[in-house]
Amino acid sequence: MTTMSAQEARDDGPLLTATGISHSYGDRIGCRDVTLDLWPGEVLGVVGESGSGKTTLLNCLSARFIPAAGALNYLLRTGETADVYAMGEAERRMLMRTDWGFVHQNPRDGLRMGVSAGANVGERLMAVGARHYGAIREQVTDWLGRVEMDLGRIDDLPTQFSGGMQQRVQIARNLVSGPRLVFMDEPTGGLDVSVQARLLDLLRGLTNDLGLSAVIVTHDLAVARLLSHRLMVMRRGEVVEQGLTDQVLDDPQHAYTQLLVSSVLQT
Amino acid sequence: MYVAVKGGEKAIDNAHALLAEERRGDTDVPELSLAQIKSQMGLAVDRVMGEGSLYDPDLGALAIKQAMGDLVEAVFLLRAYRTTLPRFAVSTPVDTAAMTIRRRISATFKDLPGGQVLGPTFDYTHRLLDFALAEDRTEGKESAQNTAEGDGAAMAGPMPRVTDLLGREGLVERETGSEAATATDTPAADLTREPLGFPAGRDLRLQNLARADEGFLLALGYSTQRGYGRTHPFAGEIRMGEVAVEIVPEELGFAIEIGDITVTECQMINQFAGSATEPPQFTRGYGLVFGRSERKSMSMALVDRSLRARELGEDIVAPAQDEEFVLYHSDNVEAQGFVQHLKLPHYVDFQSELVLVRALREEAEARRREAAE
Amino acid sequence: MTAPATAQDSGYNFAYLDEQTKRMVRRAILKAVAIPGHQVPFGSREMPLPYGWGTGGIQVTASIIGLADVLKVIDQGADDTTNAVSIRRFFARTAGIATTEKTEDATVIQTRHRIPEMNLRDDQIIVYQVPIPEPLRWLEARETETRKMHGLADYGVMHVKLYEDIAKYGHIETSYDYPVLINGRYLMSPSPIPKFDNPKMHEMGALQLFGAGREKRIYAIPPYTRVESLDFEDHPFQVQTWGAVCAICGDGESFLDEVITDDQGGSMYICSDTDHCGRRVVAGHKGPGGPEEST
């Protein structure tokens, strides 16, 4: 088992620390002065309606782009803390394809649609130097199995899969390198309700079993409740409320959170 | 002082008179004859016939003369003339295997039945300006020497096509449609009679490409070679020469020959990985154009193959694979008309935009002042 | 087979290019040699031959060649192919230098699509004509992105392609322009030579220069440099073999061209390297002969 006990993790300090993250697009504010700690094994949900800045924040946290202001520190496996925005591009790319994962809402953005499911999953292994076809194949097969894919379709193109299956391939592609931190942008968005439910189940199981840390952006409070330990509510680029997921959803303090929660409950 | 250009019959007449004067140029220099254009600028005539979609070297030469050498304008003239012609018959498919060959090369085999026939080509000339051509020379000095080269003479008799040789082994896909069909059953599509419809069949696409602007096809074909929708092409065979055109008059019920035309044919052979229903094999891209237009026929073959992406289950990611993009923008008569229509008055539309931009600027300025206070 | 130096065409500078241009090209070559396998952009000139027909190779050759050099030009391995003849004539005309068809006599060999069968020595230079210098081009069309991938040695995607081949066909499908890793750092296109020739590049005695005129890139492999063809440990790189021998010289080890002899499916194989074949015939080797015997 690769997971640490919660106590051990706490001793090492937070996995990811963001301080004063601000980014705007011309006049429009993306996110403003967001500060957060993410602990090993913790799943943080970020909720808010579209335009609230949650996707901008996710992109800043995952260093997909570098914000106008703010700092991002990451606890490396070596025990050192790295300033992610100050890293060279080679180092950052390496981090992104080994220790981190990013699951896009649209599988097209996270998969190579022109190569097979197997190659999609194996890519990260090859990018870090795996050169034994049989061994790569074995790991790919193992991971496609863990995301409950039909192994007979390992050589099919993603275009031949349903949306839910594509999402499973994308998840396997991200997890095959054994990352410690995964970012997810509406991972179940755009899927049928029943497909969504099974995928959520799978995600919850995987994050638990692997002791993964994750930041999940969603507009769906049910998804947030199911997956996240802690919740941040965003509105107009700012964090208006945060706390333990159950606490925030059961006893919202901020008027906007109350509105969000009640609008779900009434439907 | 600004004078509004509002028609003015006089202005137009004057413009035409000036154009005629410019066309003639210096009257101390003898006027060009159509025979000169036809025989000494034959490649220009060929291009105009191809894109003008009318095989008539005399009219092609006339169009070039009238257009002062502007080939797109000449194509336009020929197209406008073509529109007026009645259609008496539809020919049977021309048989390029029976071509009287003047040039035939294959890039895929070093040698093959019938051999490589270089023919008249710029290919291995060094592009060094030949200043000897700048001088007026006495007639006939050159020609005797040239015809002595065996390579220049036309080769008679059938010369098997490379794709047929490969086809024998089943290595290249079978050509379906036009080749299997005779002229009488499914008639080929004709975009000069029916507007383009999508998805377009290969017959319609090929017709569009055969009439398409050479420069446009060249750029698209080139883009596929540089990674934008790669097709792994090999020039299986390029052949140029004369083919007979035959029609079957209803009253006779059998084919009669009505003349010869010069055409250039290109068969590209492209890699294909195979699909659920087809084994791995070579696929084809096809180009056939009037006259000696090798660059055009090759570009056409590349683009034809690219446009088969949908049929072959390939990802459509590049401009050359996008049927609507290619077919809608390939025709230079359509394109040059619409691009140049921007010269026409647009006073009214522009006036409306002017008013709008002024209003928007005022609003922006007002907001800035407000924020500053 | 060796044609002596001839009178140079007086209208042009020695070897066509002006001296300033040659210096610029040489600077690019020096940089390329210093960073093996790295594509160095250079101010490629319009040449009197069309792009794609060897303008890069010609500019490289023109910049390194001197009066004492003996030039050999091959295309598809042969000296007598039209494009080879054309380029050889170009240099005979503009530089007036000696040309040869004998590999061992040449000091500079310009080639398209082959490496001679004979081992090249360290007093020889081989100049490759390159159509598409970017080995990642088929996986990523944008130059801005591929430059970045080289900078970061981010080559995983190349193995993805090889993985796909094995998953689909059981073996690696690329048969020419097979990508190589130079000195453990830069991924490089060997130009469209058959993969049969890849092993010859490894630790080759001769300096290997690559010129891409249209794409405006020069790259190089210094003598005795490590050149690895990409593969997997359990699917090692392999070269193609023929179940046939050359009809003329009987060689079963050299790269063979298929020649179609009739329209009934008849064909025969001959050496692609015409000099190699000729040398063997002189040495007394004999092949099975024409199409009648071979089919």
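This is a predicted model: local features need pLDDT of at least 70, side-chain atom pairs count only at pLDDT 80 or more; totals for chains, interfaces and linings use all residues.
User: How much area do chain B and chain C bury between them?
Analyst: The size of an interface is often given as the accessible area lost when the parts come together. Here 24 residues of chain B are in contact with 34 residues of chain C. Carbon and sulfur atoms hold 59% of the buried area. The area that chain B and chain C bury between them is about 2,600 Å².

User: Which residues of chain B lose the most area to chain C?
Analyst: On the side of chain B, three residues together make up 26% of what that side buries. They are K110(B), H126(B) and L128(B).

User: Which residue of chain B forms a salt bridge with E215(C)?
Analyst: The count between chain B and chain C is 2 salt bridges. In the one that involves E215(C), the closest N and O atoms are 2.5 Å apart. The cut-off for a salt bridge is 4 Å, so a pair at or under that distance can qualify. The partner of E215(C) is R226(B).

User: Which helices of chain B each supply at least two residues of the side that touches chain C?
Analyst: Across this interface, 6 residue pairs are in polar contact. Two helices of chain B each supply at least two residues of the side in question, namely α7 (162-168) and α9 (214-225).

User: How many nonpolar residues has the side of chain B that touches chain C?
Analyst: This side can be sorted by residue class. It has 5 polar and 7 charged residues. The number of nonpolar residues is 12.

User: Which strands are the edge strands of the open sheet in chain C?
Analyst: The sheet has 7 strands in the order β1-β9-β8-β5-β4-β2-β3, with mixed pairing. An edge strand pairs on one side only. In chain C the edge strands are β1 (40-41) and β3 (98-99).

User: Which residue of β4(C) stands opposite L71(C)?
Analyst: Strand β2 (residues 70-75) and strand β4 (residues 108-112) of chain C run parallel and are joined by 5 bridges. The residue opposite L71(C) is V108(C).

User: What angle does the direction of helix α3 of chain C make with that of β2(C)?
Analyst: Helix α3 (residues 82-95) packs on the sheet of chain C, where it touches β2, β3, β4 and β5 (125-129). The angle between its direction and that of β2(C) is about 155 degrees.

User: Why are E365(B) and R369(B) separated by about one helical turn?
Analyst: E365(B) forms a salt bridge with R369(B), and their closest N and O atoms are 3.6 Å apart. Both residues belong to helix α13 (residues 347-372) of chain B. They are separated by about one helical turn because their spacing in the helix is 4 residues.

User: Why is one side of β2 and of β5 in chain A left without a neighbour in the sheet?
Analyst: The open sheet of chain A has 4 strands in the order β2-β1-β4-β5, and the pairing is antiparallel. β2 (28-38) and β5 (81-83) stand at its edges. One side of each is left without a neighbour because each has a single partner strand.

User: Where is P199(B) found?
Analyst: The peptide bond from F198(B) to P199(B) is cis, with omega near -5 degrees. P199(B) is found in the loop between α7 and α8 (202-211) of chain B.

Definitions and conventions. Residues are numbered from 1 along each chain as its sequence is written. Chains are lettered from A and ligands numbered from 1 in the order in which they are written. Side-chain values use heavy atoms; hydrogens and water are left out. Contact means heavy atoms within 4.5 Å. Buried area is the accessible area (1.4 Å probe) that two parts lose on being put together, summed over both. A salt bridge is a side-chain nitrogen of Lys or Arg within 4 Å of a carboxyl oxygen of Asp or Glu. A polar contact is a pair of N or O atoms within 3.5 Å; within protein, one must be able to donate a hydrogen and the other to accept it, and residues adjacent in sequence count only if both atoms are side-chain atoms. Ala, Val, Leu, Ile, Met, Phe, Trp, Tyr, Cys and Pro count as nonpolar, Asp, Glu, Lys and Arg as charged, and the others, Gly among them, as polar. Two strands pair if DSSP finds at least two bridges between them. Axes are lines fitted to C-alpha atoms, for helices over the stretch in contact, and angles run from 0 to 180 degrees between N-to-C directions.
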